[in-house]
Amino acid sequence: MERTITLTVPDEVYEQALSAAKSKRRSIEAHMSAVLEEAITSDQSARALLQKVSRSYKRRLARQGKLDQSDSEVLQELEAQRERIARAIYS
Amino acid sequence: MRFTRSDWIAYDTNEFIFALRESPTRPESYAIVFEHLSKFRLYIPYQVALELQHNLTPAEMRDVVRATQTCIEVHWDYFPAKPDRIAAYTAMGARFGDAAVAAQLEAAGVQWLVSENRHFLSELDGLPFRVLAAGELIDLL
């Protein structure tokens, strides 16, 4: 099933889209539809990757007993880590 | 200072970490990493890249790098900062590691840093980039 939507875009974006559509020998409607589909798919795949990382990271934190750290504990740990890493690189 | 889509923006390590922890008290960090990443030209300083490598496994790191490919443009910087610029920022009152990040952002011409680091947020004047918390960035979108 297909749905129709109306887009309102600035002149500059319209001209860029028109030019890209022409270079690909397709209508601006077909071009915008492809761009939108690609953007949504790309966003979804990025989110899926990050969710995978998050699950794995949280499992590790849970094993280490760190999942329930407070925000300030997390920030303190990151700040201490930053100092250690920077001094190791630059000293 | 107004945010535009052509500006370069850097995320500090704490934004990625709070997002990946899905911290219930930091929904803004989650939002900028999971939902808004593709809206930005994202710069990752060497220092931040090293810190992420320290906290994540190589496989997790690869997935984070792949996820950032959805940004308008992304630049993972693997060059260290210049020591004289780090010294300049430490003289301004920055902690050594924060000074390294500031020196890298300055060298790369990055306009914005998103961080929950209270030192960056409140204790340094005269930075060549603006520091925002994740919630403030969302307000600008």
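Leaving aside residues up to four places away in sequence, B:V114 touches B:I9, B:Y11, B:D12, B:E15, B:I32, B:L132, B:A134 and B:L137; two residues count as in contact if their C-beta atoms, placed from the backbone, lie within 7 Å. This is a predicted model, where local features need pLDDT of at least 70 and side-chain atom pairs count only at pLDDT 80 or more, while totals for chains, interfaces and linings use all residues. Residues are numbered from 1 along each chain as its sequence is written, with chains lettered from A in the order in which they are written.

B:V114 also turns up in the largest nonpolar core, a set of 49 residues, where B:I9, B:A10, B:V110, B:W112, B:L113 and B:V114 touch the most other members. Such a core joins buried Ala, Val, Leu, Ile, Met, Phe, Trp, Tyr and Cys residues through C-beta atoms within 7 Å, buried meaning 20 or more other C-beta atoms within 10 Å of a residue's own. Helix α6(B) gives the largest share of this core, six residues.

Now for the two chains together: 33 residues of chain B are in contact with 26 residues of chain A. On the chain B side, 14 of the residues are nonpolar, 10 polar and nine charged. Here Ala, Val, Leu, Ile, Met, Phe, Trp, Tyr, Cys and Pro count as nonpolar, Asp, Glu, Lys and Arg as charged, and the others, Gly among them, as polar.

Within chain A, the contact of α1(A) with α2(A) has six nonpolar, one polar and no charged residues.

Terms used: Buried ≥ 20, exposed ≤ 12 C-beta atoms within 10 Å, placed from the backbone. Helix = DSSP H or I, 4+ residues; strand = E, 2+ residues; numbered from the N terminus.
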